[in-house]
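Open the model in your viewer and keep the selection panel at hand. The tour goes stop by stop: what to select, then what is there.

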Amino acid sequence: MEFVDTHAHLDMLEGYTEYYIAQAAENNVNKIIIPGIEPDSFGTIAEIATRFKNVFFELGVFPSEAAKWTDECNELITEFAKHPKCIGIGEIGLDYHWDKSFIDKQKEVFIKQIKLANSLKLPITVHDRDAHDDTLEIIDKYNNSSDIVFHCFSGDLEFMKKIIERGYYLAIGGVVTFKKADTLKEVAQKVPLDKLLLETDSPYLAPAPFRGKENQPAYIKYTAEEIARLRNITVSEVAEATTANAEKVFKI
Ligand code: NI
């Protein structure tokens, strides 16, 4: 049995990266993808991916960091994307949860990065928080060719259907283990298994036994166990399907 953690901010964890990679390996997490957040951290995540055989990374400017987007970012991302472990553009999208004062800038930066992903022939990891309709509208309008993964999926069944009918993927993390996450549990139960990915979003959103504490890739098993329980299948089946999907989308 093996897992892929499709979304872990290894660069933001407190301890030594070696420790988290070893813990992950002990818990069958054999591949880890670090998402990009802002230009200043591209060097750090590329360096981590260079050091560890099974770590890959994505490049992207996160919606809350949209103000950091400059014209040079296009070139910077294109240059970093030549790294053999760079496997996607992310996490990019829209976040209306904290601050709605610069929605237009968020949209502009999102659109630019979708176009860039298309030209670089890379899949896109989407961050969508309280912005389902606008996110989908922009993707429909501007994405021509990239595979799309909705990371930390937070929509309902109806939104899930819209994602699935377009051929996109969704990633589920520790939130599904929370007692009151009824909507997400329903999605985890109904989503076609060939469209589901697993993630931790470490160091955030640790699953139920560690809720509120620092999350790490090794904890992905708690999410897999909950999804297996909800679907009445084995954890191995969850691992097998989600690993195959991750390997296919990100070509890892
Ligand atoms: Ni993230």
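**Stop 1: the metal site**

Select the nickel ion. Its protein donors are His7 (NE2), His9 (NE2), Glu91 (OE) and Asp201 (OD), at 2.2 to 2.5 Å from the ion. Donors here are N, O and S atoms within 2.8 Å of the metal (3.2 Å for Na, K and Ca); water is not among the atoms, so sites may look incomplete.

Before going on, note what is on screen. This is a predicted model, where local features need pLDDT of at least 70, side-chain atom pairs count only at pLDDT 80 or more, and totals for chains, interfaces and linings use all residues. Residues are numbered from 1 along each chain as its sequence is written, and side-chain values use heavy atoms, with hydrogens and water left out.

Now look at the angles. The arrangement is irregular because the four donor atoms subtend angles of 86 to 171 degrees around the nickel ion. Four donors count as tetrahedral if all angles lie between 85 and 135 degrees; four count as square planar and six as octahedral if opposite donors are over 155 degrees apart and all others between 65 and 115; anything else is irregular. Along the sequence, the donor residues follow the spacing H-x1-H-x81-E-x109-D.

His7 is buried, at 0% relative accessible area. His9 is buried too, at 1%. Buried means under 20% relative accessible area, exposed over 50%, and partly exposed in between (1.4 Å probe, protein chains only).

**Stop 2**

Select Glu91, which sits in strand S4. Helices (H or I, at least four residues) and strands (E, at least two) are DSSP runs, numbered from the N terminus. The peptide bond from Gly90 to Glu91 is cis, with omega near -5 degrees.

Move to Asp201, in the loop between S8 and H8. Asp201 is buried, with 8% relative accessible area. Its phi is near 60 degrees, a positive value in a residue other than glycine. Step along to Ser202 and Pro203: a cis peptide bond joins them, with omega about 5 degrees. Pro203 lies in the loop between strand S8 (196-198) and helix H8 (220-231).

**Stop 3: the largest pocket**

Which residues are closest to the centre of the largest pocket? Select His127, Arg129, Cys152, Asp201 and Leu205, out of the 22 residues that line this pocket. The largest pocket holds about 600 Å³ of space. Strands S4 (86-95) and S5 (124-129) each supply at least two residues of the lining. S5 gives the largest share, three residues.

Grid points are joined across faces, edges and corners, and a volume is the space filled by probe spheres set on the points.

**Stop 4: the cavity**

Search the whole structure and one cavity of 30 Å³ or more turns up. The largest cavity has a volume of about 30 Å³. Select its lining: Cys152, Phe153, Ala171, Ile172, Gly173, Gly174, Val175 and Leu184.

**Stop 5: the nonpolar cores**

Select Phe150, Phe153, Leu170 and Ile172. These have the most contacts inside the largest nonpolar core, which has 71 residues. Such a core is a set of buried Ala, Val, Leu, Ile, Met, Phe, Trp, Tyr and Cys residues joined through side-chain atoms within 4.5 Å. Helix H4 (residues 103-120) gives the most to this core, with seven residues. A second, separate core of 12 residues includes Phe56, Val149, Tyr169 and Ala246.

**Stop 6**

Gln113 lies in helix H4. Gln113 is buried, at 1% relative accessibility. Leaving out residues up to four places away in sequence, Gln113 touches Gly60, Val61, Trp69, Ile77, Ile89 and Ile92; contact means heavy atoms within 4.5 Å.

Follow the chain to Lys121, in the loop between H4 and S5. Lys121 is exposed, at 71% relative accessible area, and its phi is near 55 degrees, a positive value in a residue other than glycine.

End at Ile124, in strand S5. Ile124 is buried, at 0% relative accessible area. Show Ile148 as well: the two C-alpha atoms are separated by 5.0 Å, with the residues 24 apart along the chain.

Definitions and conventions
On a 1 Å grid over the protein atoms alone, a cavity is a set of points where a 1.4 Å probe fits but cannot get out, and a pocket is an open set with protein on both sides within 12 Å along at least five of seven lines; lining residues have an atom within 4 Å of a point.
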